[in-house]
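Have the structure open while you read.

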Amino acid sequence: MEAINEMIFLAGLMLLLSILAGRVSSRLGAPLLLVFLGLGMLAGEDGPGRIHFGDFKLAYLMGSTALAVILFDGGLRTHAETFRLARWPAFSLSTAGVLITTLVTGGLVCLVMGVGWKEGMLVGAIIASTDAAAVFFLLNLRGLALRGRISATLEVESGLNDPMAVLLTLLCVTALTTPGELEPVHLLLELVRHIVGGVLFGLGAGFALVWLVNRLDLADGLYPILALSFALFVFGGAQAAGTSGFMAVYLAGFILGNRPHKADRLIRRFHDGLAWLAQIGLFVMLGLLVTPSTLGPYIVPGTLIAFGLMLIARPLAVFACLVPFRFTLAERTYISWVGLRGAVPIVLAAMPILAGVPGAQAYFAVAFVVVLLSLLIQGWTVGPAARLLGLLAPPQPEAPSRADVDLPDGAGQLAVFTVARDSEAARRGKGKLIIPETVQLLALIQNGRPVRPEDANRLQPGDTVLAMGDGSALAVMDRMFGRRIEAFDEDRPAGDFQIAGDMPAMAVGGMYGFDAGDDPAVTLSTLIRRRLGHDPSLGDRVRVGEMELIVVSLQGGEVDVVGIDLTPPATGWAGLRDQLRAAGQRIRRRLANPMRRQAVGGD
């Protein structure tokens with residue numbers, strides 16, 4: 001009884017310390033996941049906590065369950081527009097990219113550790129995939145405003161690339177524990193079954209879950225539990241069938257998050273908190289699992305492999321896979337750098353230990369060193385790297401104060417907005433706001449008194465607006481009622497000034513000296529879409545003559561506001577050099593002006 005009570009006490013203490021440490025780390029700019037990992041190590045047998053934990057079976061079970069929860073939540077957050085924008089680059093990175101990373105890293109492992117090619121490929125497969133948990137949290141929670149296509153590619157890739165890494169790890173473990181050679185045809189069939197089976201499981205489960213949520217009449221608190229139990233059921237069922245549970249659970253969450261149903265806000269809020277809990281528990285457990293005193297012999301080889309992965313293997317994979325997709329050099333460089341490793345490699349490193357592979361403890365130690373350095377170096381530089389390369393997107397309005405009520409049978413949501421100071425709604429007359437057709441303004445409260453929306457000429461800060469619509473349309477309203485954010489002058493992600501996207505391109509071209517064609521009906525929005533060759537996303541840039549057009553905001557998939565950058569950097573390697581030089585000048589200015597650095601918050 002005393003031991004059980006002590007375990008409950010320690011679990012609560014660790015969670016509490018993790019939350020408090022996370023608050024402190026956000027002020028320091030430290031990667032939050034690194035803090036959780038460090039707390040686990042401090043609580044372990046080499047730290048002041050003196051907790052001995054070495055059960056790899058339990059660790060694998062807990063790690064897989066936590067990853068299923070995190071991936072399901074990641075699918076819920078991934079919008080259909082984001083998935084469409086990045087599906088092909090992300091699929092290329094999550095398949096061919098993982099394979100190239102495995103091969104190159106495996107070769108480095110053979111050279112550094114002096115092991116055979118099978119052992120080298122095993123370590124390469126373990127650390128080949130980017131970590132969904134690390135990418136979701138570091139990109140979303142650090143408040144980075146990256147260009148839309150970059151952010152979408154990184155997020156979707158991290159949600160899709162686990163199956164390939166798991167499959168390659170399993171094949172390497174099989175090759176090391178089973179006599180004989182694996183047939184190439186067998187490998188190809190396993191790959192197809194793993195990925196295609198996971199896709200079919202995920203799509204079927206997602207639509208089935210939406211149907212259940214809309215058909216079952218449950219207490220409000222049971223809908224999130226239904227989604228959680230279904231997610232775990234799908235993950236376990238797909239894994240048991242020999243397909244990818246990681247792929248299945250991510251796609252099930254994606255389908256649920258993008259289909260109308262009556263418990264949308266309930267499920268999202270619950271799983272947001274649950275994903276936090278899974279994240280904290282996962283990294284604290286992984287910190288407990290490692291014994292720092294045993295890492296000494298593996299620090300040097302692990303460091304060499306980590307830098308080889310970050311500077312050679314990942315960039316080779318990214319540059320090779322993104323050739324057909326018209327990413328700029330700066331964008332490919334950033335995607336190469338933000339190849340964050342996290343919990344997945346450590347969980348995969350437990351597989352050879354459970355299978356009895358000789359030397360598996362050494363591979364686990366090397367994987368841990370790689371993850372630690374990735375979180376420490378890459379995780380700490382996600383924001384500064386985006387600024388150095390000039391890849392920040394134009395700032396968007398802060399989310400306004402908003403309360404939601406789900407309507408039955410997926411009919412939409414009731415949302416109560418509070419008009420923020422300096423918002424678009426407060427700056428422009430109500431009649432000049434472009435309100436989505438699917439949104440209905442039901443009521444308005446001004447100065448504490450109800451007013452019919454059609455009778456109000458102007459919205460004021462602090463007004464309360466009751467609206468009804470679907471989730472995507474209400475997200476547009478968020479931008480109208482949220483407070484506008486001004487960009488820092490030296491970053492200039494929105495250019496020198498902005499104009500409307502529906503202005504005739506020919507007229508603007510004649511004014512600023514670039515060729516926009518001779519069709520007066522072509523708008524700037526249409527011109528940008530044609531020049532890009534894909535759907536526009538926030539922050540996309542198109543060079544026209546000696547200037548650049550920037551996508552500052554989107555409305556219904558079309559460019560609503562266009563930024564004009566009159567002095568854009570050069571393209572290619574010269575442009576990358578100019579961006580790095582300009583970034584160095586900005587850093588020197590901030591260091592020379594402490595008051596400015598304090599206001600900005602530092603990089």
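Let's start with an arginine that has no partner: R332 is buried, yet it makes no salt bridge. The nearest side chain of opposite charge belongs to E331, and that is 7.1 Å away. Keep in mind that this is a predicted model.

**R332 and its surroundings**
- You'll find R332 in helix α14, which covers residues 329-337.
- Setting aside neighbours within four places in sequence, R332 touches V318, F319, L322 and F327.
- E331 doesn't count as a salt-bridge partner for R332 because the cut-off is 4 Å between a side-chain nitrogen and a carboxyl oxygen, and the gap here is 7.1 Å.

- The structure has 11 salt bridges, and a few are worth a look.
- D272 pairs up with R77, with the closest N and O atoms 3.0 Å apart.
- That pair joins distant parts of the chain: D272 sits in helix α12 (residues 264-289) and R77 in helix α3 (residues 56-77), 195 residues apart.
- D272 is partly exposed at 33% relative accessibility, and R77 is also partly exposed, at 25%.
- E157 bridges to R314, and here the closest N and O atoms are 2.8 Å apart.
- E157 is in helix α7 (residues 148-160) and R314 is in helix α13 (residues 299-321), so this bridge ties together parts that lie 157 residues apart in sequence.
- Both E157 and R314 are buried.

- E81 and R84 form a salt bridge with their closest N and O atoms 4.0 Å apart.
- These two are three residues apart in helix α4 (residues 80-113), which means about one helical turn separates E81 from R84.
- R84 counts as partly exposed, with 46% relative accessibility.

**Where α5 meets α15**
- Helix α5 (residues 117-126) and helix α15 (residues 343-355) have axes that come within 9 Å and cross at roughly 145 degrees.
- On the α5 side, the contact is made by L122, A125 and I126; on the α15 side, by P345, L348, A349 and P352.
- What classes of residue make up the contact of α5 with α15? There are seven nonpolar residues, with no polar and no charged ones.

Terms used:
Residues numbered from 1 in each chain as written. Predicted model: local features only at pLDDT ≥ 70, side-chain atom pairs only at ≥ 80, totals over all residues. Heavy atoms only, no water. Axes fitted to C-alpha atoms, helices over the stretch in contact; angles between N-to-C directions. Helix = DSSP H or I, 4+ residues; strand = E, 2+ residues; numbered from the N terminus. Contact = heavy atoms within 4.5 Å. Nonpolar A, V, L, I, M, F, W, Y, C, P; charged D, E, K, R; others polar. Buried < 20%, exposed > 50% of the residue type's maximum accessible area, 1.4 Å probe, protein only. Lys, Arg positive; Asp, Glu negative; His and termini not counted.
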